[in-house]
Amino acid sequence: MEFCEAYFKRNKEVVWRTLGDDCILLHLESGIYYTLNEEGRMLWEALDGKNKLAEIQAKIMEQYEVDAGTMQKDLIEIMEDLIKEDLVEYDKNSFLEPKMS
Amino acid sequence: MKEASLDHLSRIIQLKGIPFSVVFEITDRCNLKCLHCYQENGEKEELSFHEIKVILDDLEKLGTMKVTLTGGEPLLREDFTEIFFYCSQKGFATKLFTNATLLNAEHKKAFLKKTPFAVECSLYGASAKTHESITGVAGSFEKTLANIKWMVEKGIRVFVKSVVLCLNFHEMEGLDRLCHGLGVPFSPTLRVFPSCDPTRLPERWRVKTKDLKALRKMKSAFLKNHSDSDNPSGDLICNAGREACCINAEGKVYPCVALRWECGDVRKQSLPEIWVHSSVLQKIRSFHDKDFKGCFSCPWKKSCNFCPGMSFGEHGDMLLPSKELCRLSAIRSGGDDLQEGSMGCE
């Protein structure tokens, strides 16, 4: 399955707060804090497992004047970090495990 | 996305003016009678569960991320698990300060369902005799130890703290070994704060100057590895009232658990109003290092575990030097001419 067709959701072991444009995450198991910029925050807030990444990208693009290719590249980069740091999990209701290109 | 250093976080938090970390004393009742305790035991009309929920709702809106439930002994509250789960529901990283003697089946079930971010317990000696000479309750040592072991076994992040007193300093190295054997970090402190209860004098239990000097001369491993942290930057401004606050069992708000300068009362004003408009908090936030006139040019500043709460407890003024912290800094800095009673402890 294309990565952008997958559903992801926030790891339940992560607490987070939105502070204006900033977003602070705390992984309760590792005790590590992370910050997200505005774009990252919008992505993070949308990761409830109900929308595919492509749909989330479309919603974020409504807020920014940027081409789809650049936006997709940015979001994939953020998603790679979120996955690597165990901050998100892919929704097991997706039919197949997503493969990153 | 990036991993955030504590400095970077602190800058964001202070810029946004958020009480990022809050200590919530949900009761002042306790089943132990620790000699050095700063609390007034069981004197207050406690907040109800409904009042606590309103406070937690407000903290969530203000941007608070960490809530520490403490007391007194928080497990004495019959609605403790409800409070704990509500904190989790609100998305807080929930810490717990507890003596762990009262951890029962209901609490254990709750912790298995939702792991606390961290649990801090106090042990005051490596032996029941010494520990209980301080807690005043027979059997408390074994109960605390057993429950620490249970929590560690279940993967809960546990820290052991201790307050070093004249009654237990000889067992600190043994306690350090005990904690090492349990696989938990150990943080002792020499700081004994004045009590909110004027009839209790914790200061009399402080380690005498001659004993601390002897420990220093022995190059005690305990003192070397675990003494209260240095202050290499020499900063006198801390996060009290800027990034943190404390709420007591009847809803009084303070800049932090140590600095008991009342900023407001949630039974009279909302927490957001207090956090933004309290004249005490505004005053504290206006202070700079230079306002701490006695400390600003102190030669021991960088080895001082400075705390305005200690100064406030001694003088009613957070800007004045604390006699006790001056004493401890002098000893750490090697002040051999320091005499017993010249400052701080008698």
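Predicted model: local features only at pLDDT ≥ 70, side-chain atom pairs only at ≥ 80, totals over all residues.
Colleague: Start with overall form. What radius of gyration does chain B have, and what would a compact globule have?

Modeller: Compare the value with the globule rule for the chain length. With 346 residues, a compact globule would come out near 20 Å. Chain B has 20 Å, so the two agree. Along the principal axes, its C-alpha atoms fill a box of roughly 55 × 50 × 45 Å. Buried residues make up 46% of the chain.

Colleague: How much of the contact set in chain B comes from residues 24 or more positions apart?

Modeller: Take the contacts with a separation of 6 or more. Residues 24 or more positions apart account for 70% of them.

Colleague: Now the secondary structure. How many helices and strands are there in chain B, and in what order do strands form the sheet?

Modeller: Chain B has 14 helices and 10 strands. Nine strands form an open sheet, and the pairing is mixed. The order is β7-β6-β5-β4-β3-β2-β8-β9-β10.

Colleague: Which strands stand at the edges?

Modeller: Look for strands with a single partner. Here they are β7 (186–189) and β10 (264–265) of chain B. Each has one side left without a neighbour in the sheet, because each has a single partner strand. Take β7(B). Its pairing with β6 (158–163) of chain B is parallel, over four bridges. In that pair, B:S162 stands opposite B:P188.

Colleague: Which helix packs on the sheet by β6(B), and at what angle?

Modeller: That is α6(B), which touches β5 and β6 of chain B. Its direction makes about 150° with that of β6(B).

Colleague: What is B:C121 in contact with, beyond its neighbours within four places in sequence?

Modeller: The partners are B:T98, B:N99, B:A100, B:T144, B:I148, B:V158 and B:V160.

Colleague: What follows α5(B)?

Modeller: B:G136 does, with a positive phi, near 75°.

Colleague: Last, the interface. How many residues of chain B are in contact with chain A, and which elements give two or more?

Modeller: Count both sides, then ask what supplies the residues. 14 residues of chain B are in contact with 17 residues of chain A. The elements of chain B giving two or more are β1 (2–3) and α1 (6–16). α1(B) gives the most, with three residues. By type, the chain B side divides into nine nonpolar, two polar and three charged.

Colleague: How does β1(B) pair with chain A?

Modeller: Its partner is strand β4 (residues 33–36) of chain A. The pairing is antiparallel, over two bridges. A:T35 stands opposite B:K2 there.

How values were computed: Residues numbered from 1 in each chain as written. Chains lettered and ligands numbered in written order. Contact = placed C-beta atoms within 7 Å. Nonpolar A, V, L, I, M, F, W, Y, C, P; charged D, E, K, R; others polar. Pairing = 2+ DSSP bridges. Rg over C-alpha atoms; globule rule 2.2 N^0.38 Å. Buried ≥ 20, exposed ≤ 12 C-beta atoms within 10 Å, placed from the backbone. Axes fitted to C-alpha atoms, helices over the stretch in contact; angles between N-to-C directions.
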